[in-house]
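Dear colleague,

Please find the structure below, handed over for your use.

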Amino acid sequence: MDRTVSRIGADAEDAPYLAYSASDFRRNAKIDNSANSMVYDCGSCVVKYALCGFNFVIFILSTLILGIGIWLLLDTNSLIGLIRAAPSSVLETSTSPAFVQTTSYVMIAIGACMFFVSFLGYCGALRESRCMLTLYGILLIAILIAEITVLVTGIIMKSKIESELKNVLRATLEYNYNSTEIENPVILAWDEIQKAQNCCGVDNGADYQKNLAWKEQTYIIPESCCAKGLDDRPLDPNCTTTPTKSNSFYETGCYDKLKELIQKNFDAFIITLVVLGLIELIEILFAFCLAKSINKYEK
């Protein structure tokens, strides 16, 4: 009897300490959960605004790609116009008008998709929508695969395009440059190239003598090969009939100039695609991480 009473008394004395310990445990658990929640909010906030920043960059770059694609499709007063006017017998696949047109459509499609996807990623991150972020990540993976395909194709075809460039220039100059047709797109394209690049002919101004229609005239070179002053007029009025190194660009061919220009633009294109791919890879990781965090938070 006495032992039972003493045990009950001991349990009664220990009860407040047990109650306090349980309460203390719950309080500490709440503090830990609050700390974890703060870490999640901070991390998700960083990822969220990083996605917004990345998508702004993608938006700018996609606009650039879209613009280049539209230029390739619509421009007729430049090298693209020459390629389209050249006889099909001197063209191979990589410089044929159909290939150029297909390339422009591909670039327009990629630019438009990137434009849409960057907007989707921005809204998904800002609204913290798991569905939009997941769709955004999947679309980015598809675009990244397409960009890698374009990059590899460009590297493989680069040397071939450069080797075919001279054939395109020579064919258009010898068979399509006719001074009697003022609105001829080949003439407009050649004149624009020669003025912009300060060059004349394919290898030099003597290439015009290979044009049968041009040989019937008294001119040796067109006016676009002449050195000009600030008023856009030839420095020497006789440069078309008596071209020299001082009054014209007779000795400077356009092939080397255009080849150098293509090389510069190609390097810029490759760098743009590589930077774009790295940014998109980071965005893919961020999008899926943020979507996973939102899913855990909702549960």
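In what follows, a residue is called buried under 20% relative accessible area, exposed over 50%, and partly exposed in between, with a 1.4 Å probe and protein chains only. Please note that this is a predicted model, in which local features need pLDDT of at least 70 and side-chain atom pairs count only at pLDDT 80 or more, while totals for chains, interfaces and linings use all residues. Residues are numbered from 1 along each chain as its sequence is written, and side-chain values use heavy atoms, with hydrogens and water left out.

Disulfides

A search of the whole structure finds three disulfides, a disulfide being a pair of cysteine sulfur atoms within 2.5 Å. When the bonded cysteines of the protein are numbered in sequence order, they pair as 1-6, 2-3, 4-5.

Cys200 is bonded to Cys225, with an S to S distance of 2.3 Å. The torsion about this S-S bond is about 85°, so the disulfide of Cys200 and Cys225 is right-handed. The pair links distant parts of the chain, 25 residues apart: Cys200 is in the loop between α5 and α6, and Cys225 in the loop between α6 and α7. Helices here are DSSP runs of H or I with at least four residues, strands are runs of E with at least two, and both are numbered from the N terminus. Cys200 counts as buried because its relative accessibility is 0%, and Cys225 is buried at 0% as well.

In the disulfide of Cys199 and Cys254, the sulfur atoms are 2.0 Å apart. This link is right-handed, with 95° about the S-S bond. Cys199 lies in the loop between α5 (185-197) and α6 (212-215), and Cys254 in helix α7 (residues 254-298), so the pair ties together parts that are 55 residues apart in sequence. Both Cys199 and Cys254 are buried.

The sulfur atoms of Cys226 and Cys239 are 1.8 Å apart and form a disulfide. Its torsion is about 95°, so the link of Cys226 and Cys239 is right-handed. Cys226 and Cys239 are each in the loop between α6 and α7, 13 residues apart. Cys226 is buried at 2% relative accessible area, and Cys239 is buried at 0%.

Cys131 is exposed, at 61%, whereas Cys289 is partly exposed, at 47%.

Ser62 lies in helix α1 and is buried, at 0% relative accessibility. Leaving out residues up to four places away in sequence, Ser62 touches Gly111, Met114 and Phe115, where contact means heavy atoms within 4.5 Å. The C-alpha atoms of Ser62 and Ile108 are 9.2 Å apart, although 46 residues separate them along the chain.

Phe54 is also in helix α1, which covers residues 2-74, and is partly exposed, at 23% relative accessible area. Beyond its neighbours within four places in sequence, Phe54 is in contact with Ile279, Ile282, Glu283 and Phe286. From Phe54 to Gly121 the C-alpha distance is 9.3 Å, across 67 residues of sequence.

Which helix gives the most to the nonpolar patch? It is α1, with four residues. Phe115, in helix α3 (residues 97-127), is partly exposed at 36%.

Yours sincerely
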